[in-house]
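Here is a short tour of one protein model, with the sequence and structure to hand.

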Amino acid sequence: MLHGTAAYASATLKLITRAHLQLRVLSQELDRRVWSDPGVVELLRSFALRSPHAELRVLLNRPKAAAQRGHRLVELARRLPSRIQLRELPDERRSLVEEYAIADEYALLHKRRHDDLEAYWYAHAPLEARRLRRQFDQLWEESPPARELAELRL
């Protein structure tokens, strides 16, 4: 179990470095303290460019919050739209409060509630990672592109 934002950010770095082909992130609004951190964003950029088969998918509950004030991951996704995809949960799924990130089908970072200070880091949890990946993929199919995050603000 992890406690606090610093531990969560450290586990996020570990998760990204373990990913080979797939990273899936379900988040409320991409907490800036973690997902806009220059080190995290650079690792995500390297992951996305490592292979033409690399897949980074992000589902957001509140994309407007992530779109405000220059979020580094959002800016990266705008520069690499074929490598990083952002979608918005449909209205009927807005009640989801958990957050998680999955590397391939084995490593998992999970918060039961987005505003919780406790999170769970599993370097090797293939059964739970596959279960959440299936949930994520179902949500992904139901979700439209996050329009607020795709447009360039000049």
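## The largest pocket

Lining the largest pocket are 18 residues, and those nearest its centre are Asp31, Arg33, Lys111, His114 and Asp115. Here a pocket is an open set of points, on a 1 Å grid over the protein atoms alone, with protein on both sides within 12 Å along at least five of seven lines; lining residues have an atom within 4 Å of a point. The space in the largest pocket comes to about 240 Å³, a volume being the space filled by probe spheres set on the points, which are joined across faces, edges and corners.

The lining has 9 charged, 5 polar and 4 nonpolar residues, where Asp, Glu, Lys and Arg count as charged, Ala, Val, Leu, Ile, Met, Phe, Trp, Tyr, Cys and Pro as nonpolar, and the others, Gly among them, as polar. Both α1 (5-18) and α2 supply at least two lining residues, and α2 gives the most, with 3. Helices (H or I, at least four residues) and strands (E, at least two) are DSSP runs numbered from the N terminus.

## How to read the model

This is a predicted model, in which local features need pLDDT of at least 70 and side-chain atom pairs count only at pLDDT 80 or more, while totals for chains, interfaces and linings use all residues. Residues are numbered from 1 along each chain as its sequence is written, and side-chain values use heavy atoms, with hydrogens and water left out.

Serine 36 sits in the loop between α2 (32-35) and α3 (38-50). With a relative accessible area of 6%, serine 36 is buried (under 20%, with a 1.4 Å probe and protein chains only). Beyond its neighbours within four places in sequence, serine 36 is in contact (heavy atoms within 4.5 Å) with Asp31, Val41, Gly70, His71 and Arg72.

Two other loop residues have a positive phi without being glycine. Leucine 30, between β2 (22-27) and α2, has a phi of about 55 degrees and is buried at 1% relative accessible area. Aspartate 104, in the loop between β5 (99-103) and β6 (107-111), has a phi near 50 degrees and is buried at 11%.

## Nonpolar cores

The largest nonpolar core has 37 residues, of which Leu23, Trp35, Leu44, Ile84 and Leu149 touch the most other members. Such a core is a set of buried Ala, Val, Leu, Ile, Met, Phe, Trp, Tyr and Cys residues joined through side-chain atoms within 4.5 Å. Apart from it lies another core, of 12 residues, including Leu89, Leu132, Phe136 and Leu139.

Notes. Buried < 20%, exposed > 50% of the residue type's maximum accessible area, 1.4 Å probe, protein only. 1 Å grid on protein atoms, 1.4 Å probe; cavity = no way out; pocket = protein on both sides within 12 Å on 5 of 7 lines; lining within 4 Å.
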